[in-house]
Amino acid sequence: MSPAILRVPFHMMSKTFGVPWPEFNDGITYTDVVSASDSELALIDYYSSKHKNSAPLQGWLQRINNGQIEVDGTVVTEPKTILRAGSKLVYHRLPWPEPDAPYLLETLYEDDDVIALNKPSGLQVLPGGLFQQRTVLTQLQWRDEKKNCSPACQESHAVPVHRLGRGTSGILLCAKTKLAKTRLAAYFADGTSVVGGNRDADMKLRTVRKISKIYRALVNGILEKDEIVIEQPIGTVQYPGVAKGLYVASASGKPALSKVAVLERDVQGGHTTVRVLWF
């Protein structure tokens, strides 16, 4: 008897893709426009004051001498060049080796409008901070460039439509069309603007929202209650290597509401596995 063959439609097959990261990225450019209040400043004074967190005075002098800065399309190597209001400044940061990050992505679902990916922990979704190339977005762009598709297809790359922290693994939805991006963004935003009012009313949003976020987390310590509700606002704090900061519990943050359910208690290890429903 011949073995049975299970035929699965292409869009429902789990497939893995990804290109190994090169040793160095492509570098990055930063653009500024000189304001009226900064007119008459010397080039070195502008960068050493406006972007002092990026490099000290000597660092900016070296970059100018290296020809890494353009003023209105012309490379300028004289640090004392006087700037004019409205001038366009472009700083070309040289390529650098980014921190290690995984590159393989698993496709869980795909059709003409969306892709659902299984994002591994350690991979950033969008460029930021130290990770300008080693991101999900870059792998999606490289994937589309490899395909033999129509000009219309080549003009539109799949893009992630929601956040998923670099250290978090899980499902990441990406839109392949402008319409899909608009619809999915609206679905994710639905209900979030009203959180912070009546808690019972906020909980009822769970039954009407088109997309919900459910996380599994490992908590230090043993939770006594089987279910708890967290209403602590969420804000950002500065963190090395994270351009926009980390999202943490913060009294000055935006209203947030999460329902936590205990899945397993590891008394010996001192940990609790929980499921978190984020409203």
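Analyst: E110 has a relative accessibility of 7%, so it counts as buried (under 20% relative accessible area; exposed is over 50% and partly exposed lies in between, with a 1.4 Å probe and protein chains only). The model is predicted: local features need pLDDT of at least 70, side-chain atom pairs count only at pLDDT 80 or more, and totals for chains, interfaces and linings use all residues. Numbering starts from 1 along each chain as its sequence is written, and side-chain values use heavy atoms, leaving out hydrogens and water.

E110 lies in strand β6 (strands are DSSP runs of E, at least two residues; helices are runs of H or I, at least four; both are numbered from the N terminus). Its side chain makes two listed polar contacts (N or O atoms within 3.5 Å; within protein, one able to donate a hydrogen and the other to accept it; sequence neighbours count only if both atoms are side-chain atoms). One is with the side chain of R143, at 2.7 Å. Another is with the side chain of K176, at 2.9 Å.

R143 also meets a ring. It lies over the face of F17, at 5.1 Å from the ring centre (the rule: NZ of Lys or CZ of Arg within 6 Å of the centre and within 35 degrees of the ring normal).

R143 is one of the buried residues of helix α3; V136, L137, T138, Q139, L140 and D144 are the others. Their cover includes β1, β6, β7, β8 and β9. Helix α3 (136–146) lies across those five strands and runs at about 130° to β7 (axes are fitted to C-alpha atoms, for helices over the stretch in contact; angles run from 0 to 180 degrees between N-to-C directions). Helix α5 (178–189) packs on the sheet too, touching β7, β8 and β9. Its direction makes about 135° with that of β9. Contact here means heavy atoms within 4.5 Å.

Now the sheet itself. It is open, has five strands in the order β1-β6-β7-β9-β8, and pairs antiparallel (two strands pair if DSSP finds at least two bridges between them). The edges are β1 (15–17) and β8 (159–160), each pairing on one side only. Inside the sheet, β7 (114–119) and β9 (170–175) pair antiparallel over six bridges. I115 stands opposite C174 of β9.

Next, the aromatic rings. The whole structure holds six aromatic pairs (Phe, Tyr or Trp rings, the six-membered one for Trp, with centres within 6.5 Å; planes under 30 degrees apart are stacked, over 60 edge-to-face, the rest tilted). The Y46 and Y47 rings have centres 5.5 Å apart and planes at 75°, so this pair is edge-to-face. Both Y46 and Y47 are buried. Y215 and W278 form a tilted pair, 6.1 Å between centres and 55° between planes. Y215 sits in β10 (213–220) and W278 in β15 (271–278), so the pair ties together parts 63 residues apart in sequence. Y215 is partly exposed at 26%, and W278 is partly exposed at 27%. Ring pairs also link Y30, Y46, Y47, W60 and Y91 into a cluster.

Finally, the setting. The chain has six helices and 15 strands. Buried residues make up 32% of its 279 residues.
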